[in-house]
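Okay, morning everyone, I have one structure to walk through today. Let me put it up on the screen.

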Amino acid sequence: YMVAGASWSPSYDLRATNTNSPVTLTYKANIRQNTGEEWDNVKLTLSSVNPNRSTTKPELPHWYINYYTPLKQNLGYGYGGRPAGKNKDFANEMQKKGGVGSDDYADKLEIRSEEEALMPDANQVSNYFQMNESLTNVEFKVNMPYSIESNGQDHLIAVQQGEIPAGYTHYLVPKLDRESFLVAKLTDWEKLNLLPAVANIFYDGTYVGQTRINPAVMSDTISLALGRDRGIMVKRKKTKDEEKVKNLAQEKVKTVTWELEVRNNKAGSVNLVLQDHIPITQNDEIKISLDEKGGADHAKSTGKLEWRMKLNSRGSKKLNYTYTVKFDKDKTLAFQ
């Protein structure tokens, strides 16, 4: 038999021990029931199927297309095509015939006319929108019996546990922070039949934060931010900053060189992504060129520089890049 007042919702724990191991996912279920009947050592089956949903095959209707023709609004007329100014006269006639009060009826007529004038446009706009719904049917059978009281409180049980292959990358942005930020990218997660839910993230036994898992909108890879990693450090210093004035060209040339030094203090090798940038301009009078990019990938539209590398344990590496700015010698640059 089927009763109301019983439900469950999923949640997850994602645990990473180190950058050489997969991520362990624990699938949990919050079960609650308020049916008025105590569940004593019962066998549970958790399902995402809704028994109240229709099982009738949908019939696809005809889909018509035509030119859009806006309806004209007669702002000077009220209900039934009568002039708005004559609503009270019409209401008085209705009152003589046993109708409602004149003022009350006239006000209702004016409101009704405004609603009807706006209704056709709203109906036509709704034709340009579509509602999509995805459904994942998952069923878990719990082998061991459980006792759940009829009090509406959550009872947390672990449903299953599995491992997800993961690749780890340390991201560094030395202009903003000296420490690295660890990101895990999970693959082959589809086989776990995940449902939309909140996941708690743990790294090396420490709680990091939460993320939202929604398989309906996710790609083939899930990215998890695992927080800071002080084992990877980077220094950024300016080694050259000079200006030269070209009198004949009426311009000033500013040349800047930055040095980045990244060090791996961890026991194992790590994959790094290091990001920096050079300035960009929207003024055609200012010319910017990248003279030396130090092996980085350069995005001209954004000025971003990106290095991808593998750094061995206790190893370090220095990177240099140089850019030049040419501008009017009688004006001052403003870096935003």
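I'll start with the whole chain, then go through the strands, and finish with some charged side chains.

Before that, the ground rules. This is a predicted model, so local features need pLDDT of at least 70 and side-chain atom pairs count only at pLDDT 80 or more, while totals for chains, interfaces and linings use all residues. Numbering runs from 1 along each chain as its sequence is written, and side-chain values use heavy atoms, with hydrogens and water left out.

So, the overview. The protein chain has two helices and 16 strands; those are DSSP runs, H or I of at least four residues for helices and E of at least two for strands, numbered from the N terminus. Of its 336 residues, 29% are buried, where buried means under 20% relative accessible area, exposed means over 50%, and partly exposed is in between, with a 1.4 Å probe and protein chains only. Take the contacts with a separation of 6 or more: 69% of them come from residues 24 or more positions apart, a contact being heavy atoms within 4.5 Å.

Now, the strands. I'll say two strands pair if DSSP finds at least two bridges between them. There's an open sheet of five strands, in the order 5-2-1-8-9, with mixed pairing. Its edges are strand 5 (155-164) and strand 9 (206-213), each pairing on one side only. Over in that sheet, strand 8 (residues 197-203) runs antiparallel to strand 9 over seven bridges, and A197 has I213 as its bridge partner.

How many of its 14 residues are buried? Eleven of the 14, across residues 251-264, so strand 11 is largely enclosed by the rest of the structure. It pairs with strand 10 (residues 222-246) in the antiparallel sense over 14 bridges, with R236 opposite L260. Those two strands make a hairpin with four residues between them, and Q250 in the turn has a positive phi of about 55°. Strand 11 also pairs with strand 16 (residues 316-328), again antiparallel, over 13 bridges, and there V262 sits opposite K317.

G315 counts as buried, at 16% relative accessibility. Leaving out residues up to four places away in sequence, G315 touches V262, R263 and N264. N265 is 50 residues from G315 in sequence, yet their C-alphas are 7.3 Å apart.

The structure holds 17 salt bridges, meaning a side-chain nitrogen of Lys or Arg within 4 Å of a carboxyl oxygen of Asp or Glu. Which residues share E243? K252 meets E243 at 3.7 Å, N to O, and K254 bridges to E243 with the closest N and O atoms 3.6 Å apart. K254 is in strand 11 and E243 in strand 10, so that pair ties together parts eleven residues apart in sequence. Both lysines are buried: K252 has a relative accessible area of 18%, and K254 has 12%. E243 is partly exposed at 43%. Then there's D241 with K238, at 3.1 Å between the closest N and O atoms; D241 is partly exposed at 40%, and K238 is too, at 42%. Through shared partners, K238, D241, E243, K252 and K254 join into one network.

That's my tour, thanks.
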